[in-house]
Amino acid sequence: MPNFRKNLSTSRTIWRDKLPWSATVRRALVIPLAIPLMILMLATAGCGGCDSKQTPQTQAEKEEAEKEKKNLAAKKKRDDREIKPLLPLLGQEPSPENNASELPTGNAGHKLLVKPGHWTTTVQEMKSNYEDFVGDSSAMLLDSKRQPVTLDHTNFTFQSKRPVALAKGRKKRVEGELYIPEQSTGVQLRATLRNRHSGGLEKNVPQPMLQKMPSYQYFIVVLSKEISQYGFLKVTDAVRMPWEEEFDAVSQPHYRVVLADASKSLPLPSNALTWTSVSHLFWDEVDPTRLTPAQQLALVDWLHWGGRLIINGPDSLDTLRGSFLADFLPVEIAGPRAVTKADLNEWSAYWSRRDRGTRPPQLQPTKPWSGIRLKPNADATELAGGAELFYEQFVGRGTVVVSAIQLAERDLINWPGYDSFLNAALLRRPRRLFSKAPYDDDRPRIGWSEYPDRRLDAHFTTGLRMFARDAKMPTNQWSVEEPEGNLFGQSNSVTTTKIDRPGGIGSWSEFNPVSEAARAVLTDAAAVRVPGGGFVLACLGFYLVVLVPLNWMVFRTLGRVEWAWIAAPVIAVLGTLLIVRLAQLDIGFVRSQTEVALLELQETHPRGLLSRFTALYSSLSTTYDVTFDSPTTVATPFPASKKPRPIDENIWDVVFEKQNETRLRGLAVSSASTKMVHSEEMFALAGSLRLGRSSRGHEQLVNRLGYSLRDVVVVRRFFERGSTPKYESSWIGELRDGDSAVIGFRPLAITKDQIPHLEERQQATSVNRATKMDVEPLLKVAFDFPGNEDPVEYRRDECRVVGLIDQVLPGSTVSPAASQIVGATVVLAHLEFGNLSRPEPDVNSRSDVIEVKAED
């Protein structure tokens, strides 16, 4: 320490005395160097108090900062997923009558519009703000108590699931498929999003209440680049069909008009089985390449099963040449055309015709209309009225209409007779009768002149017909006034609404004639039977023969009779195992799969509507998954009977999910019991089953399906004079794939509950016993033509084929696999349809019953 002080003193002496500068200079050098040095020392070493522990105040601030950091992280996680409510692809519009207090925040003025019994394509907009996300979205129907709704007559709840993959910062519209049962207590959906990796619930999005469309109401979809031109459709009488009763409120419109801008995303489903709520499609200046391949297929399928496509010719025909719709167009463009008053005289005279009241004035265009000249194809038919303005062509059960003029021509839609033409010709509906409403002088009552009691019958609203859903099913809705007693013994009048089918035409039904027939087939084929006395005696006799005489003869031949005693117990064990195995096969003491299906075909279309009904039996408790190859498949559990579900029965969740494959997951089957599945899909075929001509000019049936048929019968119904239909048929029998057979019709007497050509069928069955299933109940339905329950199809000529495929068609896999698979497919092919009745103008006019104001 002294040395350190001595050295320091010496340094100071040298600094002061030896260096050649003055004290003033030394101070000038030291002060600027000393100040930065002191600041540096304070910054690095700090004050002496910083070496001690933090004060309580500083610790609290640190905890507060940590808490704020956690809150920010939680807020970031909450805000990471922006998820909007689940909406239907079609028809989501503000509804003035909705009570906003019933709706979740952010959805005031909206309800989730659904059609009961129909599968609906849904969309949900999502966005992940801070990271990529992979998960699953699901939707489940809830009742008024917010509890999951079970499917009628089953012990299953039902939810739809769809995979979700979100890229960071990018919005995405996730499409799904939703099923609302026809008879359901559901009032709201629960839509959730879960993280696939963690399984955690990301978000539970509040959903609006359900608004169920009435049975007779369907969508008219308009695709146009100028949708404002078609806004008039919403206020036409053809769309609204107003009616008012003294004891009933004004009914809802027959149609909901969806106006879709063709320059934006097209709201068309990618699955024909979710088109069932669409009746008409207006097409105006739409680029057909903007439809995805799946949308194109779905539209063509919808057409063949009864859809009506109305094309604005002048702005659309050129773009449709060479498109997926080219083969279905009834006309070609033959050049431009100016339509004058003289050209319209005949046409407007027809549609101005009335049986009573005042005739609308002749159509007076303010100037010639710009149109096109149409060259009709061989299969085209001109719509009533002449003037070569409108042509239609049948496509399977549906139709395509093309106009030579603009569909939204101002002079046309403002003409008083236009609504009659819109109703009868474009929408293809019966003629109407106008009458005066009891209370509202400005609103007429409109009904069908020939069907006064079927004003709300869905058969008149849509042309769609799916045999597996709609065969022999009435769809009317009406109101009746019934007396009801009160506490004082007096009788009051109560209005009751009667509905044949809440879902109308095209609704998924588990108890229609086809479903009931399929259930009867499955119940018989999949039933567990106790072995009969013959089985027991046969097994016992075989066992004794092998054990005694055969055993003794074998070893006596070998010269070792004593070995027969050694072989006896071995034979006993093997015999026991064999009898157990045979008994298992006889009573179903294994997993078994039994399937009956209906394949409906439309003319030359190479795709069919395949409705499968599958029974899954297991001797032990098993949970089945059913996987389908086709992305168009829809499926639900199928009730085994109409018996109500026992209150104490366990409830199981079934999930219908669409990922890489379509799957119905979680079908729980208890021990020694059977559960059933109902599925539908658009089934691709190698070709079609069609009519043709042989080299000698004979009419023949040609099979290009890719499958061989047996017990083939061709049946034709036609009307000559009067209202009584006539029938003729031709028995073909076996028709292999690629073969053809000449048709020789002979008169047929239709007998209720008896299949045509029963003798030939029994002879063929005695030779060919490839199938173990008796599908007679389903065949009876397939041979049954439409009756007066369908006033549109009742008097329409038709030629159809009914046959059998002795196998389960591919495209469905059950897991765990069954050791026994038995099945058969009934084929119903509509070969030809007759023309519909000629469109006719209304009986009278709106102006006959109400005063038409200038603003109208």
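**Figure 1. R428 and helix α9.**
Just after α9, R428 takes a positive phi of about 60°. Helix α9 spans residues 418-426. Helices (H or I, at least four residues) and strands (E, at least two) are DSSP runs, numbered from the N terminus. This is a predicted model, with residues numbered from 1 along each chain as its sequence is written. Local features need pLDDT of at least 70, side-chain atom pairs count only at pLDDT 80 or more, totals for chains, interfaces and linings use all residues, and side-chain values use heavy atoms, with hydrogens and water left out. How many of the nine residues of α9 are buried? Nine of the nine are, so the helix is largely enclosed by the rest of the structure. Buried means under 20% relative accessible area, exposed means over 50%, and partly exposed lies in between (1.4 Å probe, protein chains only). The buried set in α9 runs through Y418, D419, S420, F421, L422, N423, A424, A425 and L426.

**Figure 2. Overview of the whole protein.**
The protein has 15 helices and 39 strands. Of its 856 residues, 50% are buried. The accessible surface comes to about 42,200 Å² (Shrake-Rupley method, 1.4 Å probe; for residues, only the protein chains shown count as cover). Carbon and sulfur atoms own 53% of that surface.

A pair of aromatic rings is described by the distance of the centres and the angle of the planes. Rings of Phe, Tyr and Trp (its six-membered ring) pair if their centres lie within 6.5 Å; planes under 30 degrees apart count as stacked, over 60 as edge-to-face and the rest as tilted. The structure holds 23 such pairs. W275 and W302 make a tilted one, 5.0 Å centre to centre with 40° between the planes. W275 sits in the loop between β12 (255-261) and β13 (278-284), and W302 in helix α5 (residues 293-304), so the pair ties together parts 27 residues apart in sequence. W275 and W302 are both buried. Elsewhere, ring pairs link Y230, F232, F282, W347, Y350, W351, F390, W415, Y418 and F421 into a cluster. Two of these, Y418 and F421, are buried residues of α9.

Side chains of opposite charge can pair when their charged atoms come close. A salt bridge puts a side-chain nitrogen of Lys or Arg within 4 Å of a carboxyl oxygen of Asp or Glu. A search of the whole structure finds 41. E125 and K84 form one, with the closest N and O atoms 3.3 Å apart. E125 lies in strand β4 (residues 119-128), K84 in the loop between β1 (81-83) and β2 (87-88), 41 residues apart. E125 is partly exposed at 25% relative accessibility, as is K84 at 46%.
R710 bridges to D806 at 2.6 Å between the closest N and O atoms. R710 is in strand β33 (residues 709-718), D806 in the loop between β37 and β38 (812-815), 96 residues apart. R710 is buried at 10% relative accessibility; D806 is partly exposed at 27%. In a separate view, salt bridges that share partners join E657, E661, R663 and R665 into one network.

D784 and K472 meet in a salt bridge at 3.7 Å, N to O. D784 lies in the loop between α15 (776-782) and β37 (798-805), K472 in the loop between α10 (467-470) and β22 (477-485), 312 residues apart. D784 is partly exposed at 35% relative accessibility, and so is K472 at 28%. E789 is also in the loop between α15 and β37. Is E789 buried or exposed? It counts as buried, at 14% relative accessibility. Its side chain reaches the backbone nitrogen of G787 at 2.9 Å. Not counting residues up to four places away in sequence, E789 touches R454, H459, K472, M473 and P474.

**Figure 3. A nonpolar surface patch.**
L550, V554 and L558 form the patch, with about 270 Å² of accessible area together. Patches are made of residues with over 30% relative accessible area and no salt bridge: like charges are joined within 9 Å, nonpolar side chains (Val, Leu, Ile, Met, Phe, Trp, Tyr) within 5 Å. V554 is in helix α12 (residues 533-558) and is partly exposed at 41% relative accessibility. An α-helix has 3.6 residues a turn, so residues three or four places apart point the same way.

Methods:
A polar contact is a pair of N or O atoms within 3.5 Å; within protein, one must be able to donate a hydrogen and the other to accept it, and residues adjacent in sequence count only if both atoms are side-chain atoms. Contact means heavy atoms within 4.5 Å.
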